[in-house]
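Subject: Handover of a structure

Dear colleague,

Please find the structure below, followed by an account of what was found in it. I would be grateful if you would read the two together.

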Amino acid sequence: MVWASLRMLLLLTVVTGIAYPLLVTGIGQALFHDKANGSMVEVDGKEVGSKLIGQSWNIKGTDKPDPKWFQGRPSHSGYDPLATGSSQLGASDPTLVENVRAAKKQVAEFNGVPESEVPKDAVTGSASAIDPHISPEYADVQVERVAENNGLTVAQVQKLVDEHTDGRTLGFMGERHVNVLELNIALKELAAKS
Amino acid sequence: MSSVLADVLVVTALIGALALVHRPLGDYMAAVFQSEKHLRAEKWIYRSVGANPDAEMRWPAYLRGVLVFSAVSVLFLYLLQRIQGKFPLSLGFKPITPDQAFNTAASFVSNTNWQSYSGEVAMSHVTQTMGLAVQNFVSAAVGIAVAVALVRGFARSRTGDLGNFWADLVRCVIRILVPISVVAAVILIACGAVQNFGDIHTITTLTGDKQAISPGAVASQEAIKDVGTNGGGFFNANSAHPFENPNGFTNWLEIFLLLVIPFSLPRTFGRMVGNVKQGYAIVGAMATIWFLGVIAVTWIEYAHPGTASQLAGGAMEGKEQRFGEGNSSLFAVSTTMTSTGSVNSFHDSFSGLSGGVLLLGMMLGEIAPGGVGSGLYGMLIMAIIAVFIAGLMVGRTPEYLGKKIGTREIKLAACYILITPTLMLIGTALAMALGKGESSMTNIGAHGFSEVLYAYTSASNNNGSAFAGFAANTEYHNTMLGLCMVLGRFLPMVFVLALAGSLAEQKPVPPTAGTLRTEKPLFTGLLVGAILIITGLTFFPALALGPLAEGLA
């Protein structure tokens, strides 16, 4: 029985552990090459990130957010894709209360808006810590500050945000969201032109 | 469109899709397990193994197959992790430590997929695809095989034969799990899930920072993770990771995949016992409990009680923007009630009362609709208990599906329902008494206790989700949770198969005017009531110390 079991396990390993992933990889690489390899985004021929993986938009080498870019949600790992996961703090936890309070103050001051206008996704950490999206409301809050720091008009930047706001998938699945990397790339192009 | 209206549509589409698919899939699965023909690939496997797929097994032989095959699987997976650095494509990852390797082996073989490791920085390509993903298939198939054996116990008479374990295992993998997974994986890739055997890929961002992008055969593992109600994520963030679950549609699809076999198996059961209405009575009980859970958690998360959530203006801590509160709640309830345990949002940060509902979902014994196979046999055991209670009320010898529920049957069923509460309550109590619970908590007070209770509940019920603030990777918890997972999986199977054997030997009792009609809605109600009362009485004290204390504070 033991040897039969071992042989059975090895044979099923060949089927499900080798043939199955290779078949799926073959189909995926042939039909959806870019997506199977991480939906990478290029600017001027150089890869600058994945459309699906959120990034830090801090001033390089510091933990200060760069006013020239749209900012993503708080990430307790600093958007490191090798350390995904959330804060794990309970909804009433004193540390979390403190984090939310601090984030609310920071976002309000940074963007020059009252605290009451700061949306919920701007002050809470995502589940993956690499959430590539923010809510359209959070993007709206940032428009004025971004326009000012890039020498653009508020109307220009607002138009950009509206163009990059994605609805729910198929109209009803999930939530509305804005992809921060794609928005910032479009912003960079627009700022370079004007 | 408001978020709530969108959520209603999501749930409606889900129920609609399940209603549409359960009939053909359930009938197909019944045909697979009743067919007398073997595919050519299957014949080749049986020949190489030296097994005769047509030899009928009585319950001890069937059980021996289950246990020996699973024990060999644990050893194999343990060794693979210990020597993963010796294979190509190792990504430079070190061997896993002995206690964590045991925990992971126990976890994947018992269909729990509790993860005390972090996938993106621990497991090599070979361990992921040839070790973990293989167990995703075969542990699911073992669960379904045991459920099918129990159904045969009801369907057959005057024989002890329960079918052939090897044939059930192989057919389930080759004819059911692999085809569904291939289709699902390709759809996931089309939506953005990654599927490659590349290296960790470092890019320079627009701000000049470096970022490391993880590679992996993610979509293929994601598909079987859901279809087989396994739940072990490729990455630490599990289905919250955008490479595993890129958008609102994939999220819906993953929920559908993890519900589809558990909700279709009662149809298979109905087919095999020759009365599909019996299957609908069972599905009715499963769906009722699942639906109540969905409503409760969604409602609580939108109301966002909890000081931090109130301050933030919503319960978005530990949730992804593309899913929001509604789609996260639906996923959370579906994953805890199916023994899947994958997560698209972190349950630790759900409000106290939601956490309580998720815990309760697991405490019910993973039967609404439960894991693949285990959900059906768990629910059938509860049906026997419900029939027994009804029998006591009117003073008749209870019967179910033409089989007498006598002393032997009720003893076996009672043993079955006592195992997991014993494991989880003793496990939690020991951890707390030895100070091992407190030292692993991220949160304080009642919520900290919930983290420990959740860990032992999840392991004993083979769920695998976590209040992930709980630091599980210690020698003590790796070992104890590993034992809970193995005992919580295989001890119940002993009683299920013994019960199947005893039922198959009986001669059928013809129904009379006094027979309880178990295919009627009245019985579904009785079943739901029995489940809630038994679970409620068993777990109320523990729940009161954790989530209730937090939620009502």
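Helix α5 (residues 154-163) of chain A packs against α6(A) at an angle of about 145 degrees, with 10 Å between their axes, and the crossing is right-handed. Helices here are DSSP runs of H or I of at least four residues and strands are runs of E of at least two, numbered from the N terminus. Axes are lines fitted to C-alpha atoms, for helices over the stretch in contact, and angles run from 0 to 180 degrees between N-to-C directions. A crossing is called right-handed if the near helix is turned clockwise from the far one by less than a right angle, and left-handed if anticlockwise.

The model is predicted: local features need pLDDT of at least 70 and side-chain atom pairs count only at pLDDT 80 or more, whereas totals for chains, interfaces and linings use all residues. Residues are numbered from 1 along each chain as its sequence is written, while chains are lettered from A and ligands numbered from 1 in the order in which they are written.

In the helix pair, Gln156(A), Leu160(A) and Val161(A) of α5(A) meet Leu183(A), Ala186(A), Leu187(A) and Leu190(A) of α6(A); contact requires C-beta atoms, placed from the backbone, within 7 Å. These residues comprise six nonpolar, one polar and no charged. Nonpolar covers Ala, Val, Leu, Ile, Met, Phe, Trp, Tyr, Cys and Pro, charged covers Asp, Glu, Lys and Arg, and the others, Gly among them, are polar.

Helix α6 (residues 180-193) of chain A also lies across β3 and β5 of chain A, at about 55 degrees to β5(A). These strands belong to an open antiparallel sheet of three strands, in the order β3-β5-β4 (chain A). Since β3 (133-134) and β4 (165-166) of chain A are at the edges with a single partner strand each, one side of each has no neighbour in the sheet. β4(A) pairs with β5 (residues 177-179) of chain A over two bridges, pairing being defined by at least two DSSP bridges between strands. Thr165(A) has Val178(A) in β5(A) as its bridge partner.

Elsewhere in chain A, strand β1 (residues 40-43) is joined antiparallel to β2(A) by four bridges, with Val43(A) opposite Lys46(A). The two strands form a hairpin with two residues between them, and Asp44(A) in the turn has a positive phi of about 50 degrees.

Between the chains, 82 residues of chain A are in contact with 98 residues of chain B. On the chain A side, α1(A) supplies the largest share, 21 residues. By class, that side has 37 nonpolar, 31 polar and 14 charged residues.

Chain B has 17 helices and four strands. Its radius of gyration, taken over C-alpha atoms, is 23 Å, close to the 24 Å of the globule rule (2.2 Å times the number of residues to the power 0.38), so chain B is as compact as a globular protein of 553 residues. Buried residues account for 63% of the 553 residues in chain B. A residue is buried if 20 or more other C-beta atoms, placed from the backbone, lie within 10 Å of its own, exposed if 12 or fewer, and partly exposed in between.

One buried residue is Leu376(B), with 31 C-beta neighbours inside 10 Å; Leu376(B) is found in helix α13 (residues 374-394) of chain B. Not counting residues up to four places away in sequence, Leu376(B) touches Ala147(B), Leu265(B), Pro266(B), Phe269(B) and Gly370(B).

Yours sincerely

Terms used:
Two residues are in contact if their C-beta atoms, placed from the backbone, lie within 7 Å.
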